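Reader: I'm new to this one and would like to learn how to read it. Could you walk me through it?

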Amino acid sequence: MLLFGGVDCDRHIVANTFVYYPMINSWIKPNTKEEPSARIGHTMTTLCETRVMLFGGSDSLNTTDKKKNDTWIFDGVTETWSQVKLLANSNSIPPRSSHSAVSAHQEDNSCICKESLLVVPGGLTSFNPGTTL
């Protein structure tokens, strides 16, 4: 299980990564050199067996602040984050928080994930319900 970001007891938005290891019943903070910025309202979606994709969110408790549309992948084998860079001619998903996300992937006969697709419906661009996506 992977945990990233959120709000601490002092209402500060954090950028902490924690991995839960059931065999030792412990949460451990991996030594990541690079990780996403602090945020809330993002999604984290499993891609294949060992990778998790993080998308969007907000860096403020103020619901009218600018939302994020960056994408990161956490590799559970190497315990590292890497930011996804889109191709120059591709369109990015509009910034949002409080959205949903689901992945679909295709495996070959050896159960190795070959392709993944992330679907991100809904969400908020601001607190005004009239601006839901």
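Reader: How many bridges join β5 and β6, and in what sense do they pair?

Author: Two strands count as paired if DSSP finds at least two bridges between them. Here β5 and β6 pair over seven bridges, in the antiparallel sense. Strands are DSSP runs of E, at least two residues, numbered from the N terminus. Keep in mind that this is a predicted model, where local features need pLDDT of at least 70 and side-chain atom pairs pLDDT 80 or more, while totals for chains, interfaces and linings use all residues. Residues count from 1 along each chain as its sequence is written, and side-chain values use heavy atoms, without hydrogens or water.

Reader: What is the strand order in the open sheet?

Author: The order is β4-β5-β6-β7, four strands with antiparallel pairing. β4 and β7 (80-83) are the edges, each pairing on one side only.

Reader: Which residues of β4 are on its covered face, and which on the uncovered one?

Author: In a regular strand, side chains alternate between the two faces of the sheet. In β4 (residues 43-47), T43, T45 and L47 lie on the covered face, M44 and T46 on the uncovered one. M44 also stands opposite L54 in β5.

Reader: Which residues make up the largest nonpolar core?

Author: Such a core is a set of buried Ala, Val, Leu, Ile, Met, Phe, Trp, Tyr and Cys residues joined through side-chain atoms within 4.5 Å; buried means under 20% relative accessible area (1.4 Å probe, protein chains only). The largest has nine: L2, F4, A15, V19, V52, L54, W72, F74 and W81.

Definitions and conventions:
Buried means under 20% relative accessible area, exposed over 50%, partly exposed in between (1.4 Å probe, protein chains only).
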